[in-house]
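Student: I am new to this protein and would like to get to know it step by step. Could you take me through it with a few questions?

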Amino acid sequence: MRRVAILTGHMAHQLRRPSLLWVADALRTTGWHVTLVTVGYSWISKLCGDARLAALPAPPRSGPVAPGLEAVFGYAPIHPFSTGRDWLDEGLRPLHAGFAAYWRQRLVRALAGSEVVIVESGAPLLLARAARSAAPEARLIYRVNDDIALLGAPRWMVRAEPRLARLCDRLSTASPRLAERFAHPNVTIDPMGLPAADLTRARPDPFTPRARVEAVCAGTTQIDLSALCRLARARPRWRLHVLGRLPRPADLPANLILHGEQSFEVTLAHIQHADVGLAAYRDRPGVAYQADNSNRILLYRHTGLPILGPAGLCHPSRPTILDWSDPAALRRCETWEKRPEPLPDWSDLARRLTAPATCERAKPKPRPSVSAVAARQ
């Protein structure tokens, strides 16, 4: 059986289904054995009550999860985090060597026999050198799913990203905007996907009785809750639903409903019957990459919803993404005719990530240095 290992910050049994969990499922259906190595957690996470752990339906563990799927998990002495102060992050940087040291020997067993090792952006990339040593014959793929600066990574980690990425044989991303930042010799554009088979089945309407407009935000990564509150107050006859873990503020408008972390089935039901999709990202430099990378935006596009989000996310190439600060855009949403878009299945991305040959190459363009990009952010 062919073997692939995925280094990620996600867990096989979590409720939210990010891209590489879908890729793992697709690979298993074509005969691959998948080892999901979940990194980025430490005893600090456990002792401090990490919200990611609190949202899990069961405690994390290592071992077989399903036929062809094995989970590897452990609490390192420390994990990469930012204090929010660059000078303090830089002073703590030597301590983060304990993260790679913890995983170095564990990766030797976890990656044994792997033909392909996929390393997701974020904390997993700090293990690129250890992964290369543990599986020297494997194809090492850096999958850039996020702008780590926008996720709050310490500045030293943002600066180190291009150097660590060059340890990998290929850099894969869905976003041409992210691709432009890397001077890697082998960068490919590999679009995100959707679980096509799961999307064909109709689900009961969760909005009963319905408001004039039912708007759904299917995720809370980089969320701008203040902007959602303003939108809710500006449109009192709308009802806004947020699916995902989020602290509850004291002054929440009555028509803004926080549902907490939900299963993919519940999320799909909300999206299928919604009138508007909310891409509630904070409007920061660089957020435009989410137009190509965001799972929730892909689901909105598949369903044909109008998408409301910050101005930085809007672009003529994505006419269904509208600026939520524009009253005319809000009025358009109230009379919108859904036009679903055909999009790739996750099996397409799985095939591209494990293909021996490169796929669609990113067109070479002038690339700003990551340090320059980070400085602007």
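This is a predicted model: local features need pLDDT of at least 70, side-chain atom pairs count only at pLDDT 80 or more; totals for chains, interfaces and linings use all residues.

Student: What percentage of the residues count as buried?
Tutor: Buried means under 20% relative accessible area, exposed means over 50%, and partly exposed lies in between (1.4 Å probe, protein chains only). Of the 377 residues of the chain, the buried part is 54%.

Student: How many helices and strands are there, and what is the radius of gyration?
Tutor: Helices (H or I, at least four residues) and strands (E, at least two) are DSSP runs, numbered from the N terminus; the chain has 16 helices and 14 strands. The globule rule (2.2 Å times the number of residues to the power 0.38, with the radius of gyration taken over C-alpha atoms) gives 21 Å for 377 residues, and the chain is close to that, so it is as compact as a globular protein of that length, with a radius of gyration of 21 Å.

Student: Which span does the C-alpha trace have along its principal axes?
Tutor: The C-alpha trace of the chain spans about 60 × 50 × 45 Å.
Contact means heavy atoms within 4.5 Å. Among contacts between residues at least 6 apart in sequence, the share joining residues at least 24 apart is 72%.

Student: How are the rings of Trp-22 and Phe-264 arranged?
Tutor: Rings of Phe, Tyr and Trp (its six-membered ring) pair if their centres lie within 6.5 Å; planes under 30 degrees apart count as stacked, over 60 as edge-to-face and the rest as tilted. The structure holds 6 aromatic pairs. In the pair of Trp-22 and Phe-264, the centres are 4.9 Å apart and the planes stand at 65°, so the arrangement is edge-to-face.

Student: How many residues apart in sequence are the parts that this pair ties together?
Tutor: Trp-22 is buried at 11% relative accessibility, and Phe-264 is buried at 16%. Trp-22 belongs to helix H1 (residues 19-29) and Phe-264 to helix H11 (residues 264-273), so the separation in sequence of the parts tied together is 242 residues.

Student: Which residues form one aromatic cluster?
Tutor: Phe-73 and Tyr-75 have ring centres 5.0 Å apart and planes at 85°, so they make an edge-to-face pair. Both Phe-73 and Tyr-75 are buried. The cluster is formed by Tyr-41, Trp-43, Phe-73 and Tyr-75.

Student: Is Ala-279 buried or exposed, and which residues does Ala-279 touch?
Tutor: Ala-279 sits in the loop between strand S12 (276-278) and helix H12 (290-293). With a relative accessibility of 0%, Ala-279 counts as buried. Not counting residues up to four places away in sequence, Ala-279 touches Ile-297, Tyr-300, Ile-307, Leu-308, Gly-309, Pro-310, Leu-313 and Trp-324.

Student: Which residues of H13 are buried?
Tutor: Helix H13 (residues 295-303) is mostly covered, with 7 of its 9 residues buried. After H13 comes Gly-304, with a positive phi near 85°. The buried residues of H13 are Arg-296, Ile-297, Leu-298, Leu-299, Tyr-300, Arg-301 and Thr-303.

Student: What is in contact with Arg-235?
Tutor: Arg-235 lies in the loop between helix H10 (225-234) and strand S10 (238-243). Arg-235 is buried, with a relative accessible area of 19%. Leaving aside neighbours within four places in sequence, the contacts of Arg-235 are Asn-255, Pro-327, Leu-330, Arg-331 and Glu-334.

Terms used. Residues are numbered from 1 along each chain as its sequence is written. Side-chain values use heavy atoms; hydrogens and water are left out.
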